[in-house]
Amino acid sequence: METAERFRAAVEKRDLAAMEDLFTEDVRLYSPVKFTPFEGRPMVLGLFGVLLRVFEDFRYVGRFEGAAETSADGTEAPAEVLLFRATVDGREIHGIDLLHFDGTGRIKEFTVMVRPLSAVQALGQAVLAGLVADGLA
C-alpha cells in the first residue's frame, strides 16, 4: 500500500511534516501506554513528534498486508502491519504498527503494540514526559 510506504519513509527520515497528509482528520491512535486512543490529526502528529525524539535506533524490519476489523466501528478495512525494533532508555523494543486505511488510502486507525513489559514501561514514561514538555498532556 502506497500510504504505508510513504509513512515508513517519513518515520525513517524523522520527517513529521511528510506524515501530515497521510492521516485522516479524525485518525485514532491506540497506544500500548494509554487506555483511550489519541484522537485527531493534530494530537496524533504531536504524539509522533514525541516518538521521533524518544525512539533511538528505530528501524522497520518487516511488513504484512491484508485486511482487519477496526476498533472504532468494527468494519473491515485494508490494513498493513509494519514490524519494528527500537531502543528507549537502554531497553530494546520489539513492536508492530497496525495501520488501517480509509477509502482514499489515508490512515484512519493506527494501533501500536510493543514488548517486553519493561520496554513498554520505559516507553510510557518517556512519552508522558515528552507530551508534558510539548504541552499535549
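This report describes the sheet, the helices packed on it and the salt bridges of a predicted model.

Residues are numbered from 1 along each chain as its sequence is written, and side-chain values use heavy atoms, with hydrogens and water left out. Because the model is predicted, local features need pLDDT of at least 70 and side-chain atom pairs count only at pLDDT 80 or more, while totals for chains, interfaces and linings use all residues.

**Sheet and helices**

Helices (H or I, at least four residues) and strands (E, at least two) are DSSP runs, numbered from the N terminus. An open sheet is formed by 6 strands in the order S2-S1-S6-S5-S4-S3, with mixed pairing; two strands pair if DSSP finds at least two bridges between them. S2 and strand S3 (56–69) are the edge strands, each pairing on one side only. Strand S4 (residues 76–88) and S5 run antiparallel and are joined by 10 bridges. Leu82 has Asp97 in S5 as its bridge partner.

Helix H3 (residues 41–54) packs on the sheet and touches S1, S2, S3, S4 and S6, where contact means heavy atoms within 4.5 Å. The direction of H3 makes about 55° with that of S1. Helix H4 (residues 117–133) lies across S2, S4, S5 and S6 and runs at about 70° to S5. For these angles, axes are lines fitted to C-alpha atoms, for helices over the stretch in contact, and the angles run from 0 to 180 degrees between N-to-C directions.

**Salt bridges**

Side chains of opposite charge can pair when their charged atoms come close. With a salt bridge defined as a side-chain nitrogen of Lys or Arg within 4 Å of a carboxyl oxygen of Asp or Glu, the count is 10.

| Pair | N to O distance |
|---|---|
| Arg106 and Asp21 | 2.6 Å |
| Arg28 and Glu39 | 3.3 Å |
| Arg59 and Asp57 | 3.2 Å |

Arg106 and Asp21 form a salt bridge. Arg106 is in the loop between strand S5 (91–101) and strand S6 (107–115), and Asp21 is in the loop between helix H2 (16–19) and strand S1 (23–30), so this pair ties together parts 85 residues apart in sequence. Arg106 is partly exposed at 31% relative accessible area, as is Asp21 at 41%; buried means under 20%, exposed over 50% and partly exposed in between (1.4 Å probe, protein chains only).

Arg28 and Glu39 also form a salt bridge. Arg28 lies in strand S1 and Glu39 in strand S2 (residues 38–39), so the pair ties together parts 11 residues apart in sequence. Arg28 is partly exposed at 23%, and Glu39 is partly exposed at 49%.

Arg59, paired with Asp57, is partly exposed at 31%. Glu5, Arg63, Glu65 and Glu80 are linked in a salt-bridge network.
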